[in-house]
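Please work through each task before reading its solution.

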Amino acid sequence: MMVGFAPRPTSGAAEGILRRVFGRLASPLGFRLWDGTEVRVGQGEPRCTVVIHSPEAFRSLMREPSPAHFAEAYVESAIDIDGDLFAAMDVANELEALDLSLAERLRILAALGRP
């Protein structure tokens, strides 16, 4: 057994986590995963898409899905934003109000695997 090993999340697992975390957003938002999988959340056609470049970037973002963490990932080129950047800022405002219960956070961490 390897200590500290965390399996890479699959795109299927990532899609489920994205829907669980962001499924209650009113603003439409798209995600494109490292393998090209498209995930849409919110209501309507997304005006922007968050492009997540690797499973590791995904895992890092989902451990703390906050606007500040997304901004940090963007600056570090772990993600890109395709489309309307102002729409992305509207979604970021909505993310500020995102409140996941402790139980939900634990389920997400369990789905991500241990660090």
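Rings of Phe, Tyr and Trp, the last by its six-membered ring, pair if their centres lie within 6.5 Å; planes under 30 degrees apart count as stacked, over 60 as edge-to-face and the rest as tilted. The model is predicted, and by this rule the count comes to 3 aromatic pairs.

**Exercise 1.** Classify the pair of Trp34 and Phe58, and determine whether each residue is buried or partly exposed.

*Solution.* With centres 6.0 Å apart and planes at 55°, the rings of Trp34 and Phe58 form a tilted pair. The pair links distant parts of the chain, 24 residues apart, since Trp34 sits in the loop between β1 (29–32) and β2 (38–41), whereas Phe58 sits in helix α2 (residues 55–63). Trp34 has a relative accessible area of 24% and is therefore partly exposed, while Phe58, at 0%, is buried.

**Exercise 2.** Which residues form one aromatic cluster?

*Solution.* The cluster is formed by Phe22, Phe31 and Phe70.

**Exercise 3.** Describe the setting of Leu85.

*Solution.* Leu85 is in helix α4 (residues 85–96), and at 45% relative accessibility Leu85 counts as partly exposed. Together with Phe86 and Met89, Leu85 makes a nonpolar surface patch of about 330 Å².

Methods: Residues numbered from 1 in each chain as written. Predicted model: local features only at pLDDT ≥ 70, side-chain atom pairs only at ≥ 80, totals over all residues. Heavy atoms only, no water. Patch = residues over 30% accessible without salt bridge, like charges linked within 9 Å, V, L, I, M, F, W, Y side chains within 5 Å. Areas by Shrake-Rupley, 256 points an atom, 1.4 Å probe, with all protein chains shown as cover. Salt bridge = Lys/Arg side-chain N within 4 Å of Asp/Glu carboxyl O. Helix = DSSP H or I, 4+ residues; strand = E, 2+ residues; numbered from the N terminus. Buried < 20%, exposed > 50% of the residue type's maximum accessible area, 1.4 Å probe, protein only.
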